[in-house]
Amino acid sequence: LEDIGEDSYIRNNMLIKLYAITKEKEKAKKIADKFSTIEPDILFLYYIEFEEYETACDLIEEYWIKHKREISTLISYSYAKLKLKRYKDVYWELKQYYDNPQTCIPALAINYFIADIKHNKLDEKKIKNKILNNKELYDNDVIAAAYSLIGDIPNALDYLSRAIKEDNMLKYSVQDWPAFENCREDNRYKKLVGIQ
């Protein structure tokens, strides 16, 4: 990827994620600084990948003062807020998007469910109605996350295994996803994501 001459958002995004895995923060920062004026999302990604969630939230809030709230930015923002354990904020921020079928994309639904569980209580029926009863509409990682949230670990890991076969980078990123909190002590999960 480093040797590819053409800069693109996908290439830069992938490099930042890989540099986070290999703990090469300076290399990632150079990319984020170079392209943040063209693609502000790259800077948000940098801070999230290097677990600087407070900074990511501050930058996104500042960005929203002058720009429209885009779904991709909202996903990053809600994820960072979940990592900061600000569940009530995420719940109220995402409720309006969750309630609207046109704006409720899978990542927002999962983040909303996590916040809802932490802020209120588990509503298994809501998760089943939205995602598990409509599996044909969703990717395997989303289905895995939904099963994890309701505590069905065997199904969660079956779907997570399929998702990782489709995209090996997930092996690294899901380690930090709040949606898989229920799976963290499971030996199969650890093997799937390369912890043991």
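Trainee: Which residues of helix 6 are buried?

Mentor: Tyr87, Val90, Tyr91, Glu93, Leu94, Tyr97 and Tyr98 are the buried ones there. Buried means under 20% relative accessible area, exposed means over 50%, and partly exposed lies in between (1.4 Å probe, protein chains only). Keep in mind that this is a predicted model, where local features need pLDDT of at least 70, side-chain atom pairs count only at pLDDT 80 or more, and totals for chains, interfaces and linings use all residues. Residues are numbered from 1 along each chain as its sequence is written, and side-chain values use heavy atoms, leaving out hydrogens and water.

Trainee: What do the buried residues of helix 6 pack against?

Mentor: Their partners are helix 5, helix 7 and helix 8. A contact here means heavy atoms within 4.5 Å.

Trainee: What makes a stretch a helix, and where does its number come from?

Mentor: Helices (H or I, at least four residues) and strands (E, at least two) are DSSP runs, numbered from the N terminus. The protein chain has twelve helices and zero strands.

Trainee: How do you know that the span of helix 7 agrees with its number of residues?

Mentor: The expected span is 1.5 Å times one less than the number of residues. Helix 7 covers residues 106-119, so its 14 residues should span 20 Å, and its end C-alpha atoms are 20 Å apart, which agrees.

Trainee: What do the buried residues of helix 7 pack against?

Mentor: They meet helix 5 (71-83), helix 6 (87-98), helix 8 (124-130) and helix 9 (140-149). The buried set includes Leu108, Asn111 and Phe113.

Trainee: Why is Asn111 called buried?

Mentor: Its relative accessibility is 8%, so Asn111 counts as buried. Leaving aside residues up to four places away in sequence, Asn111 touches Ile75, Ser78, Tyr79, Leu82, Val90 and Leu94. Its C-alpha atom is 6.8 Å from that of Tyr79, which is 32 residues away along the chain.

Trainee: Is Lys85 buried or exposed, and how do you know?

Mentor: Exposed, because its relative accessible area is 59%. Lys85 sits in the loop between helix 5 and helix 6.

Trainee: What makes the phi of Lys85 worth a look?

Mentor: Lys85 has a positive phi of about 65 degrees, yet it is not a glycine. Most residues other than glycine have a negative phi. Lys23 has a positive phi too, about 55 degrees, and is not a glycine either. You'll find Lys23 in the loop between helix 1 (9-21) and helix 2 (25-35). Lys23 has 70% relative accessibility, so it counts as exposed.
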